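I opened my notebook to get to know a new structure, one element at a time. Come along and look with me.

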Amino acid sequence: MQQSAKPSMSWLLKYLKPVRGRLLLLLILLLASTGAQLVNPQIVQRFIDTAAENGIVSSLLVLAGIYLVFAVLNQVLTVAISYLGNDVSWRATNQLRGDLLKHCLRLDMRFHNLKTPGEMIERIDGDVTNMSNFFAMFIIKVIGSFVLLAGILGYMFTINWPIASVMTLFTLASIGAMVFIRDLGVTSSKDERGASAALFGLIEERIAGIEDVQANGNVPYVMNRFYRAMRNVFLKGRKAWMLRVIPWNTTVVLFAIAVTAVLMLGVHYFLTKQISLGTLFLIYQYTQMLNDPIEQLGDQVQEFQKAKSGMLRSQELLASRTEIMEGTQTALPDGALGLEFDHVHFSYNPDRPVLHDITFTVRPGERLGIIGRTGSGKSSLSRVLLRLYNINSGTVRVGGVDIRDLKLEALYRRVGMVTQDVQLFDGTLRDNLTLFDGSIPDDYILGTTERLGLKQWIDSQPEGLDTHLKAGGASLSAGEAQLFALTRVFLTQPSLVILDEPSSRLDAATEAMLQSAVDQLMQNCTGIVIAHRLSTLEQVDHIMVLGDGRILEFGEREVLAKDPSSRYAQLLITGREEDLA
Amino acid sequence: MTVTRFIQRLFTYNISLFIVNGLLWGLFHSMPLLLGLGMQWFFDRATGQSHNYLWLVAPLIFIALVRISRTGVFFWAFFKWVTYIYDIQAILRTNMLKGIMRWPGRNLPASPGEAVSRFREDVDEVVEYVESWVDFWGRFAFAIISLVIMARVNWQITLVAILPLVAVTLLNNLSGNRARRYGQQNREATGRITSFIAESFGAVQALKLGQAEEHVHRRFVELNESRRQAALKDNLFKQWMRSLNQHVLSICTGIILLMCASAMKAGQFTVGDFALFTSYLTNIAFSISLFGYMVFQHKRLKVSLDRMSILFRPGEQERIMDFSETYLFGEPPELPVVERSPDDQLHTLEIRNLSYTYPGSENGIANVNFAVKRGQFVVITGRIGSGKSTLVRTLLGLLPKSGGDVQWNGRVIDPAAFLVPPRSAYTPQVPRLFSDTLQENIVQGSPPEADALTRAIRLAVMEKDIEDLEKGLDTFVGPRGVMLSGGQIQRAATARMMMTESDLFIFDDLSSALDVETEKKLWERLFHERDVTCIAVSHRRAALAQADHIIVMKDGRIEAEGSLAELLESSIEMQLLWQGEPTDSSESDERADSKNMTVRV
């Protein structure tokens, strides 16, 4: 258990480094407040003794005044500590949140294919929030509690060492018990976090797909699933809570025994006249005070269990590595980039080949059209080209360079892809077009949108590029969204562009309008066009027909079109037949 | 709904658990009374010059026993409390999700990711509020009883202890608006973060390819930073309000000390009394600060209540505290079997003067009329932005119509409630699957009837894909179905629709992700079935050619309608759509076109 705790602690220390100045200040404040707390009972002791000895009223007044000053000082310190502690915790956890987000975004698609956005909210925000207390207060409070304990015990030793020894013994026993059972609730807390992530994943996903749910009458089904998820959270959560409070309660019981023992001892010394009544009261007050740091520690153990489950989950996330290993090369030839597939084999699962021995070449500036039925491997081809997945064997070269040798950044800077699935953000139109890249000038954005026929639409929006696009772009039609995606890619001026059925959601009239713009934009780059509609392919140089992950046909478009035995020509005929029907 | 009404409903919701919690925590919080009395007892005996050890120690044993039995009470009370927490969370979340599901379509005024933060933070705020109330009774009882005990010892000193209560309550009342404002800012900042995370991971592929990780990270850091500031402000204020009570109280303790000084000299106040007072005062201090804090919490609760209420349709906000069943303590019941009433069998569907305008714009559809008879295949076509999808979604009630009506067999119906299986089913333009197995996505919890499933899959032309998938129907499709190709998602959604065996199928651009042959096969198989009625939005020839009736939309109105042959002869718009090449691209046409772009489909 010791071993499992240590790495997680040291791992988190990294996030405390940037805030160490603040932490130090926090510690100083905490020590000051501890000091103030230690002083108070002594004032009261003097007060009682003075009063019991019939001392003068003015000295009683002075003592009461000092008490007041310390009490107020303590309150101010409490607020300052809480503020600073919060600040430290937000700073540190925000860093962790940022790291988690960045790390997860870098993970490969195999990871993302298993995680819902709602679950990611819980993992990046929920889990981290759960450990925020750990960052701010854990170390500080643990240190503070120990200092206070040491202070109390140390002072007690100056008064009466047998009593102090008993107190020390019980304190050590309490701490030992807490350390021993500190991991009691960690596993169940982790289960609780998992159940809660699943619940929020379910909620987010069903809200996002509300139309699919409603119009197919699935609301009762969704509610049923929701009840089950909620019940799971309840059962796991209740167990976790009950286990987490055990350490705290253990300390309360131990404390009760300690107080009784100490006071019984005190009574003994009082009866033998070794201590005064004031001192007996002081001992009583200090045993009361011991309660605070020990309970504090118990509380922190509870928090620790909560935090540790979050830590383990975050650590798991950070430990998951992308299987896409980046290369080091950054240089690619200028201008349009050629593309080469050399005996490429690929599968998502080991025994189901998706691409089988694919070999072809596209020269810089040429355009290749890929056709094939759904599931023939067209989209997989573009995914491996962009290194969203690793190929099993063979080589893919872009601009003559094996993509495995390239830094991903270098690859993506020059290669763009437009897919059917367009994701929009709750943000301004500008953010949506540039994907939050602030360095792209408005002129350039507007120029590109104009060429793609989106500018009038932008102009008609109340605030132009600053218009806020609501909730996942619900206000945008699928066709308009598609134009968005095209604009996004062309803003980055790619040298190789993959259009994965870019016009599938556009009507023929709009598509024709768009086609010339796309042609113009594609002048300076190599193009791969994946299409269902043959009309989309009228401008390409070569045609590849894919079937079951194999190249069934590859050749110049014009040659294939003229050869009546070619599949392409046959498809053209099917298309035409359909026209006539 | 006012906050007061809300909490009334909240407390009456599971009143027995509320009372049990109140009693148990009341017991837990009152037990320190015995501790104080024990201490007084002890010190009074100690000052009493007695030298019998056991006699002196008896109160200490009593105190120890009280402390230990208090932990027992704690476990019991805590178990009840945790149960209560989850019950409150469950009822709020259930009502919220139900409320969201009553919105027609995607009209919820919050993004899904942001809505999640309302399910989380705002619900937690309510729990925290209830926690204060559960603690209140015990602490209140403790405060009253201890005040009485103290007053009997010395009423002047006791009076000084009560004064801060008044001061604190007044102070808190003055600060309500700020409390609310800070609370709201904090919540909103959190909402922006959850929403941003959800959207980033929804669009992860685009972000990767667009090399946007850095930019997204930067934006995320900015959002985090603004939340840090909002949260700090909110928390500081909260802490300040909390400690303000304590300030006042510690000043009072000082004054009490001063008063004790003279009283002790006069011999009216013993050391035992002093022990009693200090023991009670810390507890009273905590109780009073809790009462003050509750006033503050009450004001803040409005923020959360408002944020949760937004998830409900206007006029339904009251339903946040419906007493619905949450099934925490037992398995939820099986899904009800869909009942098919013979009277509701489709004969005709008539759309009359249907209109819808997007809020804040002039775009939408206006005065659309058409009818569908049983067995017909009606295709709605038109350019991007001409209002095709708007028409279908208004017809289905996914958008709230601004005029006209929808009639089923001549009877006016409420589309959102009526046009669901077994009467009608729908596949949206961009269908969404959920992270489950493929089979679960298709059957959606309905009892597994192998025949019906096979039929639905065959109609959706999906049998070969399922064969090719490694785990077949048990394949986990991933969030939004990302493990499948676009075409597979679209056909899985079609199979899901077919599975309902409804009278009317509505396709919004089903074929856009399908290749020519698959699409053709799909229509062929569908028309092979007897008795199928369809409305399909499409601009694809495969669909247009099969249509019994075509409706051409332009600028949100019906431009032309009829059979394909008629339309190709008479309608220029239809010719354009069919040819895909504007033969006559005059100035006016282009302008009209760009205007069309503003019409949302």
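Below are my entries, grouped by sheet, helix and residue.

**Ground rules.** I noted that this is a predicted model, in which local features need pLDDT of at least 70 and side-chain atom pairs count only at pLDDT 80 or more, while totals for chains, interfaces and linings use all residues. Residues are numbered from 1 along each chain as its sequence is written, chains are lettered from A and ligands numbered from 1 in the order in which they are written, and side-chain values use heavy atoms, with hydrogens and water left out.

**Terms.** Helices (H or I, at least four residues) and strands (E, at least two) are DSSP runs, numbered from the N terminus. I took two strands to pair if DSSP finds at least two bridges between them.

**Four-stranded sheet, chain A.** I looked up the strand order of an open sheet of four strands and found β2-β1-β4-β5 in chain A, with antiparallel pairing. Its edges are β2 (353-362) and β5 (401-402) of chain A; each has a single partner strand, so one side of each lacks a neighbour in the sheet. Next I checked β1 (residues 339-347) and β4 (residues 393-398) of chain A, which are joined by five bridges in the antiparallel sense. Asp342(A) has Thr395(A) in β4(A) as its bridge partner.

**Six-stranded sheet, chain A.** Another open sheet, of six strands with mixed pairing, has the order β6-β9-β10-β3-β11-β12 in chain A. Here β6 (415-418) and β12 (550-556) of chain A stand at the edges, each with a single partner strand. From one strand to the next, the twist averages 15 degrees (axes are lines fitted to C-alpha atoms, for helices over the stretch in contact, and angles run from 0 to 180 degrees between N-to-C directions). β6(A) runs parallel to β9 (residues 496-500) of chain A, and four bridges join them. Opposite Val418(A) I found Leu499(A) in β9(A).

**A strand in chain B.** I then turned to β6 (residues 424-427) of chain B, where both faces are covered: Ser424(B) and Tyr426(B) are buried on one side, Ala425(B) and Thr427(B) on the other. Four bridges join β6(B) to the parallel strand β7 (residues 504-508) of chain B. Phe505(B) in β7(B) is the bridge partner of Ala425(B).

**Two helices in chain B.** At what angle do α1 (residues 3-13) and α3 (residues 53-102) of chain B pack? I read about 125 degrees, with their axes 11 Å apart. α1(B) and α3(B) are therefore oblique to each other (under 35 degrees is roughly parallel, over 145 roughly antiparallel, 65 to 115 roughly perpendicular and the rest oblique). Phe6(B), Leu10(B), Phe11(B) and Tyr13(B) in α1(B) meet residues of α3(B), including Tyr84(B) and Ile88(B).

**Last look.** All eight residues of helix α10 (residues 388-395) of chain B are buried. After α10(B) comes Gly397(B), with a positive phi near 85 degrees.

Key: Buried means under 20% relative accessible area, exposed over 50%, partly exposed in between (1.4 Å probe, protein chains only). Contact means heavy atoms within 4.5 Å.
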